[in-house]
Amino acid sequence: MTGEILLRGTGLTKKYGGAFALADADLTIRAGEVRALVGANGAGKSTLIKILTGAVRPDAGEIEIRGNRIEPGSPARMIEAGVACIYQHANLVPAMTVLDNIFLGRQPTHALGLVNAREQRAQAERLLGGYEIDLPLDTVVGDLPTVKQKEVEIAKALSLDAKVLLMDEPTAWLSLHEVKNLFRTIESLKERRVAILYISHVLDEIYEVAQDVTILRDGRVVAACPVGHIDRPELLRRLVGEKLAREVATHSAGDVNESRRGEACLVCEGLTRAGVFHEVSFALHAGEILCITGLVGSKRTELVRAIFGADRLDSGRMMLNGRAFAPKNPRDAIERGVAFVPEDRHHDGLMLQMSVEDNLVMAMLASVSRHGVLQRRKKAAHTMQQISRLGIKPASPRYRVGKLSGGNQQKVLIGKWLQRGTRVLILDEPTVGIDVGAKSEIYSILKSLKQEGAAILIVSSDIEEVMAIADRVMVMRAGKVHGIYDTVRLTEPELISYIGGE
Amino acid sequence: MLAERRRVWLVWHPRAALHASTALPAVLLVLGALFAILKPVFLSQENLISIVHQVAIIGIMAFGMTFVVMTGGIDLSIGPVLAVAGVLAAEVLDKTADSVALATAAAIALSGAIGLVNGVLVARLKLPPIVVTLATLSIVRGGALLMAGPDLHLIRGPRAFLFIGSGTVAGLPFSVLLFLVGAAFFTFLQYRTRFGLSVTAVGDNERAAHLSGLTVARVKTIAYILCSCCAGLAGLIQSSQVHTATATYGMGIELDVIAAVVLGGTSLAGGSGAIPLTIAGVMLIGIIDNGLGLLNVPIEMQLIAKGSIIIGALAITNRDLVLEH
Amino acid sequence: MKSVARIPNKELAIFFIVTVAIFCSLSPSFRTGENFENILVGFSHMGVLAVGQAFPILLGGIDLSVGSIVALAGMVGFDGFLIFGLPGAIVIPVMLATSVVAGIFNGVLITGARLQPFVATLATMAVYRGVTYAISGRQLFPELATRSIDDDLLLGLDNYVGHFPYAFFLLLIVAGLSQLLLAATRFGRDVYAVGGNREAARLAGIPIGRTTAICYAISGFCAGLAALILVSRMTTSQENLGIGIELSAIAAAIVGGASLQGGTGNAIGPVIGAFLLGVILIGLNLVGITTYAQPVLTGLILLGAVYYDRVLLGRRRLRLGKSQ
C-alpha cells in the first residue's frame, strides 16, 4: 500500500523574533496516503502549512516534491509543483461565479489572453462529474450556503490536478452529514493516489481517516508513526505533555455535573425570527450551565445573538430576573447584566491592537470613568483582579492582546464580562481552536463562575465538551428546539442520535 | 515630561510606538539639524515660532482628522468647511454690528452641523466615507459660493475678531496658543477619556466594539463633528489672519491635513493613531515648508521634495508593519 | 455567460435617459445638436479618466494623482512641440509613455513600498505637479507661453464626424477595449479576484504586484489620453491643467457603479457616469440655475448614487459564510 514519496520536507525551521515557530521538522507524505498532522495551538502547525503552501519562506530546510527540490517561499511555485491547500476559512472571491473561482488565476485562454469560456466550462463539468460534486457553475459564490462554498474550495484544489492536498481543519464548519461526504471524497482521492495532509483538532476524525500521524509540540515533531501504533491516551500525552493530559482526562470523566440550580434567571418564550429559528422556549437558571448543541446550521449562534440584542427578534418574549427583557442592541442587554462571548475572537471579540487592560474594561467603561474621564486607578485595579483570577499569561496589563495565545485571548474575552452585575453569561463555542491545556483552564473558570451563581449559556458542537461541563443540554435542529435533557441521565450515543435526528 | 508621554504611547499604541513614534522624531531631528546647519537662522526663536504659526491652521484641523481616520474614516470636506466658516463669520459680523461672539458661534455651529451630516451618512447609513465627504466637499463649496459668491469679503473690524488670527499673548501669536491648547486638549481627550478609548476601540474592531456595548455610530458621528468644528475654527483663524473671507479658501488643504495625520502613523485602515504623533507629523510638514523656504528652494522643487519626503517617511515607518502581517 | 464584468448599469442608463429627457423638455436650447456636441466635447476626456480610474477602484484602491499626470503629460507635450519642435508622431507617444511611467511608479509605491493607495497617490499628486512646474516650458521660455501648438497630427484630434468629436470615438475605443480586458481576459479575472478577495488571489498564485502595477499604469495611460484631448483642444498646456479633476473622475466612476470596496464594477458605467454629470451641469446652466448650485447638485447625485448602491442593492450583500 505504501506509494512513492510525493512530498518530503527535511529540517524545516522558522523563527519569528527569537522564538522558534518550527524547529528542524521533517515530514513525508506518500501517494495514496492520508497523514494526520496534530498539535496544540502554537505548536507550529500553521507555520508548517504556510511553508508548504509557499506563503512563508523557511529559515532553513528543504522541500522535495516527487524527488525534485523546490525553492520554497512562492505560492505559485508550490501550486505548480502540485501542492494545494484547502483552508479553514473560505478563500474565495464572493463576487465571482463558481466557475471563475474554481479557475482563479489560471483560466484557460485563447491566444491574446482571452478567456476560453467554453473550455473552462467543459473542464469544470468534467472535474465535478468525476468527483460527483454538484455545484451551480454560474452562481455567484457569495450567494451560496457555507457548505457549498467549501465544496467550491475543494473543487478548486482538485482542478489544480493536485498531487498533494493540505486540508486545514476541513470539517470545522461542516455538518455531520457533510463530514461523511468529505470522507467519501477523501477515499476517492486516495484511490487516485493523491497524498493528503489532514490537519484536525478532532481525534475521532484522525482515527477514522488517516493512516499515519505526525505530532507537533512546541515547533518540534515529537512523533511520526502509523495511527495504529498509537492509542488515544498516548496521542494525547504526546500532544500536550504529561501533566495536562491528566487534567483533561479528569475533566472528561464527568464528575462535575452536580447541579446546584437556583432560580430561573432568563426565561425565553416562543422566540422566533422568521426563516431562522422558531418558537424557542427555555429557562436558564442561576448556578447552572446550559449547553445548546446541534448540527451546523441549526441556528444556535443566531439564537444567542438575538437574545443578546445583536440581531432582531420577530416575536416571542423574554424575562430576566422577573422583569421583561427586550434588548434593542447589545448595550441594552449589557446594562441588564447579560454578557456575550462570540465565537470568532478576532472578528467579533477583541481589539487586537489594544492592551489587555483596555480590552478588559471595554464593556464597563461607565464604571471606570466619571464625567467621561477615565479613572486610571479603578481601571488598573479591575485589570489586576481579572488577570490574577483568570491566570492570564503574561500577567501584564500593558501587553497587546493580539500577541497573546488563543487560550489567553479567550480568558481576556471572558474576563471583560466578569464585573459586578453580570448575571447571564452567553458563550458561543468557547473552546474552538484552543489547545487542550487552555481548554481545561476555561472549563475551571466556567465552573467556578457557576458556583458563584452565574447563569451560563454555552453554544457548543463538541459533544465531549457538552457532556463534561453542562448541567442540561438543549438540542436544536433546523431552528427548533428538539429537546432539553439533564446530562446526568444522558449518554453520549443518545445525545448524538438526538442531534443527528435519525 | 517627555519620558512620561513616551511611556503613555507605548502603553496605548504599541504599534504606533514601534514605528512612527521612533522613526518620526528621528526624521524630524535629522531634517531640523540639516536646516540648522545650512541656515543657522532656522533655529532662531522667531523662526521656530513662525513655523508653528504657519502650521497652526493645518495642525488644528489635523487633530480632528486624526480621530476620524482612527475610526476608519476620512473627511475630505474640511477645505470648504474652513471657507464657509470664514464667510459666515464675515456675514454675521456685517449683519450684527460686529458681534464677535455671535459670529464665532455661528461659524462653529454651522461647521458642527456639517460634521453631523457627514457623521450620520457614514455612521448611520453606513455609506463609504470617501464618497460621502467627497460629496459634501462639493455641496459645501457650492453652498459657500451661493452664500457669498466668488468675491473676497473684507473683514475690517472688530479688534476682538482680528485678535483670533493676528493677536499675541506674551509674545506668542494667539493662533499658536490655540494650536498648543488644542494639542493638549486632544491629547487628553484621546488618552484620558472614555470617548478617546472608544475611538481607538471602534477603529481597532468595530464589530467587537458594538458587541461590547459601545455606541459605535455615536462615537463616529462625534468624531466627524469634532473634525468639522476644528475646520471651522481654522477658518476663523485664517479669515481673521488675512482680514478677508471667501468661498474659495482651503482648496486642497484636506490633502495637507491628511498627509500630516498619516505621517503621524495613523493608519487609513483605522485603529492605531496618536495625537502626539500627529503633532509631530504637522511639525514635519511645517519644518519642510519653512526650511525649504529659507533655503530659497523654488516652489516646484518644494512640492517634489514634500511629496518625496512623505513617501520616504511612510516607507520607513511602514516597514515593520509589513513584517508583522 | 455570466461574469462579474457583466454590465449591470441598467438603472444608471435609465436614469441617464430620463435626465436627458427632462432637460430636453425643459430647455429648447438643450435639445440642439450643438449642445450635444458641447457635452461630448466637454466631457469625453472626463469619460476617459473615469474609465482609467475604474481600474484602481476595482482593485479596492484609488488614484488621486491623475490630475497631476494630465498636467505632466500636457507639459511634456508643450515642451516637445514648442521647445524641441518635434513632430506629433514622436511627441504623442512620449506623452503617453510619460503618463504610463507615472502610473507604474504609483503601482510600485503601492505594491513595493506597501503604501496605501490613497496616501501614495496623494504624495505623487504633489510630486508630479512639482515636476510639471519644474519642466514647464512656460517658465523656462516665457516667450513660448503665448505661442500655440500647430502640429497637424495633434490638431487632427480636435476634429468632428458630424456632431461627434474624435475625442468621443477615442473614449468609445478606450471604454470598449477596457471592457473587453475586464470581461474576457485572464487579466480581467485577476483584477476582480484581487479586488474581491486579495488573500484568495494571492493564494491562487495571481501576481498581485503585477496586476496592481498594470491597473495604475492603465489609469496613468488614460490620464495621458485625456491630456492629449485637452492639449489638442487648447493648442497649449498649463502647469495647473487638471487640478481637482481627479475628484470628478472618481465621482464619475462611483456613479458608474464601481465600488470603492473593490471587486465590482465595469468599464462602461464610468462613461455613463461622466456624461451624467456633464448633462446635469450643462443642463442646469441652460435651465438658468446659477453655476454655484452645480457643485451642490453634483454632490447630491454622488450621495444618491452611493446610497442607491449601498442601501438598496446592499441588502443582498455578497459574503463568504463562516459560522452557521
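Hi everyone, let's start with one residue: Asn118(B) sits in helix 6 of chain B, residues 100–124. Helices here are DSSP runs of H or I with at least four residues, strands are runs of E with at least two, and both are numbered from the N terminus.

Before going on, a word on the source: this is a predicted model, where local features need pLDDT of at least 70 and side-chain atom pairs count only at pLDDT 80 or more, while totals for chains, interfaces and linings use all residues. Residues are numbered from 1 along each chain as its sequence is written, chains are lettered from A and ligands numbered from 1 in the order in which they are written, and side-chain values use heavy atoms, with hydrogens and water left out.

Back to our asparagine. Is Asn118(B) buried or exposed? Asn118(B) is buried, with a relative accessible area of 0%; buried means under 20%, exposed over 50%, and partly exposed in between, using a 1.4 Å probe and protein chains only. Not counting residues up to four places away in sequence, Asn118(B) touches Asp75(B), Ser77(B), Val132(B), Thr133(B), Thr136(B) and Tyr224(B), with contact meaning heavy atoms within 4.5 Å.

Now the nonpolar cores, which are sets of buried Ala, Val, Leu, Ile, Met, Phe, Trp, Tyr and Cys residues joined through side-chain atoms within 4.5 Å. The largest has 225 residues, and Met61(B), Phe67(B), Phe161(B) and Phe118(C) have the most contacts inside it. Helix 4 of chain B, residues 45–70, gives this core its largest share, 15 residues. Setting aside neighbours within four places in sequence, Phe118(C) has contacts that include Ile74(B), Leu268(B) and Ile62(C). Apart from that core lies another, of 74 residues, including Phe308(A) and Leu446(A).

On to chain A, whose domain assignment gives domain 1 (5–82 + 162–240), domain 2 (92–159) and domain 3 (264–500); such bounds come from an automatic or database assignment. The C-alpha centres of domains 2 and 3 of chain A are 39 Å apart.

Finally, the largest cavity. Its lining has 17 residues, with Ile79(A), Cys85(A), Leu160(A), Leu203(C) and Ala204(C) nearest its centre. On a 1 Å grid over the protein atoms alone, a cavity is a set of points where a 1.4 Å probe fits but cannot get out, and lining residues have an atom within 4 Å of a point. Why does this cavity lie between domain 1 and domain 2 of chain A? Because both domains give residues to its lining. Thanks, all!

Key
On a 1 Å grid over the protein atoms alone, a cavity is a set of points where a 1.4 Å probe fits but cannot get out, and a pocket is an open set with protein on both sides within 12 Å along at least five of seven lines; lining residues have an atom within 4 Å of a point.
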